[in-house]
Every structure is written in structure tokens, then in C-alpha cells.
Amino acid sequence: MYLTKSFIPILKNIPSEAKIKSHQLMLRAGMIKQSSAGIYSWLPLGFKVMKKIEQIVREEQNRIGVQEILMPTIQSSEIWKESGRYEDYGEEMLRIKDRQNREMLYGPTNEELVTDIFRASVKSYKSLPQLLYHIQWKFRDEIRPRFGIMRCREFYMKDAYSFDISDEEAFFSYNKFFLSYLRTFKRLDLTAIPMAADTGPIGGNLSHEFIILADTGESKIFTDKRIFDLNSDGTKVEKKSLDELRNKYEKFYAVTDEKFNKEEFEKKVTEENRLITKGIEVGHIFYFGDKYSKPMGASVDLPGGKKDFVKMGSYGVGVSRLVGAIIEAKYDEKNEIMKWPISIAPYDVSIIPMINKKDQSALEKANNINKEFLLNNIEAIIDDTDENFSSKMKKMNLIGSPFQIIIGKQIDGDLIEFKETGKEIKKLKLEEVIKIIKKQKVQN
Ligand code: ATP
Ligand code: MG
């Protein structure tokens, strides 16, 4: 892709409404455009990143056996009246009337709708467990939308739901998601820590928020530092190993402020291991038993002939919020350098040829390199403007490809000036460059 033909409306100055680095970068790099308070359009650069995040989230859901569906954004109020949440949800719910004067709403979450889908067809314990997810826009009329897409009104969420026959089976489902989330965030190159959390309007009693550390985060957390050294590698999707995995994390004190208890914290965590800081919630898992299945009559036949309400859990990932969260974690604000993890980078590499009206030879060389990249599934953006070196570098540092190639006027045989964004230049042959990029892509 040529920069001149791309739709990346880069801004020179930091817009004053942007208070945190992710919001600033997303506006400066032309990733999003606000259309009204807390509602954004996603432009190509931002959209590419979000779609890649979505795909990783999807793959990791599929990997633990969750089935993808797609529920609508607009729901009927009827099912929310059945569960009793129509009143409870309050002003965050966007309520709409259709032309027949029926009460509709733009879904803030989908427990009711998925329970309605489930109860219509699943009648026997033999069909359990059922694990379903969808990735869909949500609307919550947040009182104070802020920080760009981090706390907005319309946002993109992966939400999954589990249906089980007993508490024990439901905990197994819960733990599958626990593992899946650890894997998902790891692939996004994030350290997201599961913290015991309050359940809020979703309800229930077992819950973890997955939180990444950031000064600008809105969640206050209290934790034992040693939890950051844990690793989820190699865990099988089996009851025993998943129990062990969750225990391994739960051994360390890690809670959000609603769950915080000073006495307990000081008793369980020695002073040198205590960490009180802020973080961004990127995922949230809940177990709530029959909170929805009971009022909505979602029951199945049990082996002995009796019936019981299914035990449910729900599992959310803020797909659009993750774009901002990753920037908060990775953007070097001082040097104005963004470097996306290659798994979600909008482009793998930026090619920066130094050209002017008289001399286009560097662009020719860029085109030749790009041809080889295309054959190797490497996606590049070529800066084909005739701006000066420093303004080209500034722009490419905002776009954030993990690698950069600089093609100067002096072309040094078949060597290429190649660098990992933010690091030193190396002179390498094209084959070596391709090898390095491909190796990183495979690892992710
Ligand atoms: P928060 O405490 O941040 O308001 P929540 O607990 O209300 O979030 P959940 O119902 O747990 O949110 O939603 C699942 C995920 O959706 C959250 O972990 C978060 O990543 C994302 N999310 C929730 N609200 C918003 C929002 N207003 N803007 C962007 N993402 C959001
Ligand atoms: Mg939450």
C-alpha cells in the first residue's frame, strides 16, 4: 500500500480533547474519528488492528470449543422484563421504540437473548455443556464517555455464555475461559492478570477481571507482585489441570477495589510484595448459576427424569477497548514511537524510500522489495511522498509497523537498511530481512 493512496489522515498536533496516550495516538495516526459523544468511526488503520485482535480472540475461543453465533444488536424488551433487568439496568440502556410502539433496546450485553435462544431448543442434559459466543457491537449510555474508545458508548465486545448441568461442570467451563483469556492476552503481547472482582449488574458470585497495568486505567488494584511471574503455558483443557491453573493464580492476592480488604491484604502479602496501582479491564468472566435460567425458565431434563435450571456463566472481552489498552502498554510517548506486536500490526513493515521529483530510483527499489514481500505474505506500507526524512520517520513511527526499511540515495549493493522500530539500523540482504520478519510472524 502506498501512503499517498491510503486513508490514514495523520494529524500534526495533539487534539486537546485527548487526555491519555492511546486516545492521542489513535487520533493523530488517523485510526478513528469521533462521530458523536462516545461513538466512533473506525478508519482503515484502526480497523485493521481491531480486526486482527478480533481474529485472535476468535481463534482462542474456538480452541477451547466455544461455538460462534451472531445475535442482533437490537433486542426486544420482553426478555429483559422476564429476567427482571429491564428496570435494574437504568439509564445505561438505550431504549428505542419501533413504529408499532414496541419497546426495543440496543443490547448492552446478551445474557437474556442467549438464554432465550438456548431454552427454545436445548431440552436434555445430554446436549450439555453448550458454550456459545459472538462478537458484536454493544451500546451502553455511559454517563461520562472518555479516553476515546476506552470508555465509549458504542463498543465491540466478544461475549460468551456457558450452559451446564451442575456447579461442578460450570466451574469447568469457567476455567476453560480462564485459560483461554490467559492465552488470548499473551498472543496480544499483554500481561493481563486475573483479579477477583465484583459482579455488578451481571450478578453472581464468582468473577475475575483481567487487568493490564496502566497509570491511566480506571480500575484500582491491590495485588501480590509475584502473580506477574506466573505463566499459563502447557495447560491442558482438562478438569484437573484447569483447577490447578486457577489455583496457581488464586494463591496470590489480586483484587479490584470493590473486593479490597486491607486486613486481608496485609496479612496475606508481605510488604515487599505489595502492589497498589491502576489498571485497565480488558476482560471479565462471571459465574452466576441460575440467575437468568430460573426466571426465564431455561431448564433441561436430568438423568433421573427430574428437571433443573441450567447453570450459566458469561465471559466478555473488550475487543475495541483492547486497541487502546495495547497502545497504553506499548506506546513510547516521549519519543512518539508506536510499535505494534506483529500479531496485530496494521502493516508488518514500513518501507521509507528517499525520493524527489528528479530521482525516483529509491521508489523503484521499494517496489521491488515489496514484490518479494507480497510473495512471502508480508504486508508493507510504502511512504511514496517526497517529504524529508524526519517527517517521514515521524509518520511511520505513528503508524507503528514493527519493522522499518530505509532506502537512501546511496544504495549499498544489495544490502538494505533495516530496523526493528525504535532500534538501531542493520544492513542486511533482502533474504535475511524476509527471514527475520517471517520468523516473528510465525512465533505469534
Ligand atoms: P467497566 O467496569 O470498565 O465499565 P464493565 O465491568 O461494565 O466495564 P463488562 O460488562 O464486564 O464491563 O464488559 C466486558 C468488557 O467490555 C469489559 O471488560 C471491557 O473490556 C469492555 N467494556 C465495557 N464497557 C466498555 C465501554 N464503555 N467502552 C469500551 N469497552 C467497554
Ligand atoms: Mg466488568
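Reply: Happy to. A definition comes in handy: donors are N, O and S atoms within 2.8 Å of the metal (3.2 Å for Na, K and Ca), and water is not among the atoms, so sites may look incomplete. Please keep in mind that this is a predicted model.

With that cut-off, the magnesium ion (ligand 2) is coordinated by E281 through OE and by H284 through ND1, at 2.1 to 2.3 Å.

Now to the salt bridges. A search of the whole structure finds 34 of them. One of these pairs E379 with K48, where N and O are 2.6 Å apart. E379 sits in the loop between α10 (361–375) and β18 (380–382) and K48 in helix α2 (residues 44–63), so this pair ties together parts that are 331 residues apart in sequence. Both partners are partly exposed: E379 has a relative accessibility of 32%, and K48 has 22%.

The side chains of D348 and K441 also meet in a salt bridge, again given as 2.6 Å from N to O. Here D348 belongs to the loop between α9 (319–330) and β17 (349–353), and K441 to helix α12 (residues 430–443), so the contact links parts that are 93 residues apart in sequence.

A local case is D116 with R119, whose closest N and O atoms are 2.8 Å apart. Both residues lie in helix α5 (residues 111–121), three residues apart, which is about one turn of the helix. D116 is partly exposed at 26% relative accessibility. For R119 the value is 19%; buried means under 20%, so R119 counts as buried.

What about the strands? An open sheet of three strands has the order β4-β6-β5, with antiparallel pairing. Its edge strands are β4 (74–76) and β5 (94–97), each of which pairs on one side only. From one strand to the next, the twist averages 40°. Three bridges join β4 to the antiparallel strand β6 (residues 103–106), and S76 stands opposite M104 in β6.

Finally, a helix whose geometry you can check yourself. Helix α6 (residues 167–187) has 21 residues, and at 1.5 Å a residue they should span 30 Å; the end C-alpha atoms are 30 Å apart, which agrees. α6 is mostly covered, with 15 of its 21 residues buried. After α6 comes D189, whose phi is positive, near 65°.

Conventions. Residues numbered from 1 in each chain as written. Chains lettered and ligands numbered in written order. Predicted model: local features only at pLDDT ≥ 70, side-chain atom pairs only at ≥ 80, totals over all residues. Heavy atoms only, no water. Salt bridge = Lys/Arg side-chain N within 4 Å of Asp/Glu carboxyl O. Helix = DSSP H or I, 4+ residues; strand = E, 2+ residues; numbered from the N terminus. Buried < 20%, exposed > 50% of the residue type's maximum accessible area, 1.4 Å probe, protein only. Pairing = 2+ DSSP bridges. Axes fitted to C-alpha atoms, helices over the stretch in contact; angles between N-to-C directions. Expected span 1.5 Å × (residues − 1).
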